[in-house]
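Visitor: I am new to this structure and would like a short tour of it. Please show it to me before we start.

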Amino acid sequence: MQAYEFINNMIPPLKLTDKTKMALSWMEEIRTDVLPVVEEGMFRGLVTDEMIYNINREDIPVADVPLESEGCFVLKDKHIYDVLRVSSEFQSNMVAVVDSDHIYHGVVTLEDAIAAFADTLSIQAQGGVLVLSMFMTDYSLYEIARVIESENAKVLSSFLTSDPLDESKIKVVLKVDKTELRHIKATLERFGYKVIDHYQEEMDENKEQDRLDNLMRFLNI
């Protein structure tokens, strides 16, 4: 699940000498509002259509547009979670992938990163998602799994993230192989775990996508 595995080869990089008119044309063609800028193989930042429109000139080189998000990149061997973190930090739908010499290798889109994240949570497998809040010192996947298994369920995958509402705590996101979560939730709470949300599987694809979108927002990604 390293970043370079999810590079989107359909996103072309701009050069500093390229005209802003061409940048807008490329954005329209591939249906995006942002493109990476690369010079001599090095990532220089991102340019958006809004930045170009604000200048209100389409005949100038990209070099004349104040680029932003020079730090919106991850090293190619970083996990896909790091792509989501950087994307959130820079509020960008695109994150550059570079090597240790800062050589540009491509970009990962937020859409592709979320899809990869969903795969790690086994979203496509039948089951539901539980979100727990706790102190890091109280976290033990073995103990949590033992409680869940007492309800004849299995933990398919897990994910830890910081709790934006309480920096002293973490959120534990669990995908389990059961679609009915009421008994599992009740048992976890009986053992002292705080279940702050849950997402049961929906048969309708649109509803499932809504659930996934809500989960991404809940994780603050």
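The questions and answers below go through some strands, helices and side chains.

Guide: This is a predicted model, in which local features need pLDDT of at least 70, side-chain atom pairs count only at pLDDT 80 or more, and totals for chains, interfaces and linings use all residues. Residues are numbered from 1 along each chain as its sequence is written, and side-chain values use heavy atoms, with hydrogens and water left out.

Visitor: How many of the residues of strand β4 are buried?
Guide: Helices (H or I, at least four residues) and strands (E, at least two) are DSSP runs, numbered from the N terminus. Buried means under 20% relative accessible area, exposed over 50%, and partly exposed in between, with a 1.4 Å probe and protein chains only. M94, A96 and V98 point one way from β4 and V95 and V97 the other way, and all are buried. Strand β4 (residues 94–98) is therefore largely enclosed by the rest of the structure, the count of buried residues being 5 of the 5.

Visitor: In which sense do β3 and β4 pair?
Guide: Two strands pair if DSSP finds at least two bridges between them. Strand β3 (residues 73–75) and β4 have 3 bridges, and L75 has V98 as its bridge partner in β4. The sense of the β3 and β4 pairing is parallel.

Visitor: Which residue in the turn between β4 and β5 has a positive phi?
Guide: Strand β5 (residues 104–109) pairs with β4 in the antiparallel sense over 5 bridges, and Y104 in β5 is the bridge partner of V98. The two strands form a hairpin with 5 residues between them. The residue with a positive phi, of about 70 degrees, is H102.

Visitor: How far from D99 is the nearest side chain of opposite charge?
Guide: D99 lies in the loop between β4 and β5. Lys and Arg count as positive and Asp and Glu as negative, while His and the chain ends are not counted. A salt bridge is a side-chain nitrogen of Lys or Arg within 4 Å of a carboxyl oxygen of Asp or Glu. D99 is buried yet has no salt bridge, and the distance to K76, the nearest side chain of opposite charge, is 5.5 Å.

Visitor: With which side chain does the side chain of D99 make a polar contact?
Guide: A polar contact is a pair of N or O atoms within 3.5 Å; within protein, one must be able to donate a hydrogen and the other to accept it, and residues adjacent in sequence count only if both atoms are side-chain atoms. The side chain of D99 reaches the backbone nitrogen of I103 at 2.9 Å. At 3.2 Å, the side-chain partner of D99 is H105.

Visitor: Which residues are linked with R85 in a network of salt bridges?
Guide: R85 meets D82 in a salt bridge (3.3 Å, N to O), and these two are separated by about one helical turn because they are 3 residues apart in helix α3. R85 also forms a salt bridge with E89, the closest N and O atoms being 3.8 Å apart. R85 is partly exposed because its relative accessibility is 46%, and E89 is exposed, with a relative accessible area of 52%. The residues in the network with R85 are D82 and E89.

Visitor: How many residues lie between β7 and β8 in their hairpin?
Guide: Strand β7 (residues 155–162) and strand β8 (residues 169–176) run antiparallel and are joined by 7 bridges. L160 stands opposite V172 in β8. The number of residues between β7 and β8 is 6.

Visitor: Is T187 buried or exposed?
Guide: T187 has its place in helix α6 (residues 182–190), and its side chain reaches the backbone oxygen of H183 at 2.9 Å. Counting contact as heavy atoms within 4.5 Å, T187 touches V147, S150 and E151, not counting residues up to four places away in sequence. The relative accessibility of T187 is 2%, so T187 counts as buried.
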